[in-house]
Amino acid sequence: MHRARKNPRNIAITGASSGLGRALAMHYAKEGARLFLTGRNMARLQETRLACEQAASDVHVSALDLREPAPVKKWIDEIERQSPIDVLIANAGVTGTHERDGSIETAETAHLQIATNLGGSVNLVTSAAPHMQARGCGTIVLVSSLAGLQPIADGPAYGASKAGIIAYGEAMRQYLADDGVFLSVVCPGYIKTPMADQYKSWRPLELTAERAAEKIARAADRRRALYAFPFALALSIRLGLLLPWQLRKYASRKFNYIRD
């Protein structure tokens, strides 16, 4: 049985300037939560803030580079001094692919994704978890991806960063559980966002950002340990992992990016 919900709650969300992060912020704003939002683009963050405030939510925004541990810790510590965080959602992420001329994804492109997606999640957990441990309560949600379960050939570093989040989250959940801190890893499939729209491909069972946000918030509230969705796509990936890699390679070609 999970703990009863508090209303309003104090929710911290990264990557809130657009896409899924903005949809998550809007979802919790409608529930009357106090929001602490961050992203790299302050102008877009202010747009999110204004949209959330129309739902009478108390919203605080900060521009932040999650790759740097010291600013992340400072942001978390400042929030904790105001309002202890009930739910932290590590949503921010970037993606990349191979070069248009056919050469492989550069080291710089790969490291940016790993540092932002996986490194940023590590920076957030290591900053927020000690506060939650001291209180004996709190929820952390790490947003991974179905690409962490089955990466595509056109997104090697993205898949690696998301697989790393799954492994890190699984280990940290076990470590933090005895202190009353719950860690959930969510693995969405295709979501229609500005980041995703950079790369055209076959996108089966694609969800709107708003629908995905609803599912993630529900998973956090129900304390789902590992939540992969949509179910049909997640199941096909799990079954596909039983096949030889050559067959998976053939089956996954549709998912690769359409290049001009």
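## Basis of the values

Because the model is predicted, local features need pLDDT of at least 70 and side-chain atom pairs count only at pLDDT 80 or more, while totals for chains, interfaces and linings use all residues. Residues are numbered from 1 along each chain as its sequence is written, and side-chain values use heavy atoms, with hydrogens and water left out.

## Helix H6 and its cover

Helices (H or I, at least four residues) and strands (E, at least two) are DSSP runs numbered from the N terminus. Helix H6, which covers residues 209–221, has 13 residues and reaches 18 Å from its first C-alpha to its last; this is close to the 18 Å expected at 1.5 Å a residue, where the expected span is 1.5 Å times one less than the number of residues. H6 is followed by arginine 223, whose phi is positive, near 55°.

The buried residues of H6 include Ala209, Ala212, Ala213, Lys215, Ile216 and Asp221, where buried means under 20% relative accessible area, exposed over 50% and partly exposed in between, with a 1.4 Å probe and protein chains only. Among the elements that cover these buried residues are helix H1 (19–30), strand S5 (139–143), strand S6 (182–188) and strand S9 (226–229), with contact taken as heavy atoms within 4.5 Å.

## Aromatic pairs

The structure holds 3 aromatic pairs; rings of Phe, Tyr and Trp (its six-membered ring) pair if their centres lie within 6.5 Å, and planes under 30 degrees apart count as stacked, over 60 as edge-to-face and the rest as tilted. Tryptophan 202 and phenylalanine 255 form a tilted pair, at 5.0 Å centre to centre with 45° between the planes. Tryptophan 202 lies in the loop between S7 and S8 and phenylalanine 255 in the segment after helix H8 (245–251), so this pair ties together parts that are 53 residues apart in sequence. Tryptophan 202 counts as partly exposed because its relative accessibility is 43%, whereas phenylalanine 255, at 17%, counts as buried.

Tyrosine 227 and phenylalanine 229 form a stacked pair, at 4.9 Å centre to centre and 20° between the planes, and both residues are buried. Tyr190, Trp202 and Phe255 form one aromatic cluster. Lysine 254 lies over the face of tryptophan 202, at 5.1 Å from the ring centre; a charge sits over a ring if NZ of Lys or CZ of Arg is within 6 Å of the ring centre and within 35 degrees of the ring normal.

## Cysteines

The structure holds 0 disulfides, a disulfide being a pair of cysteine sulfur atoms within 2.5 Å. Cysteine 52 counts as buried because its relative accessibility is 0%, and cysteine 187 also counts as buried, at 0%.
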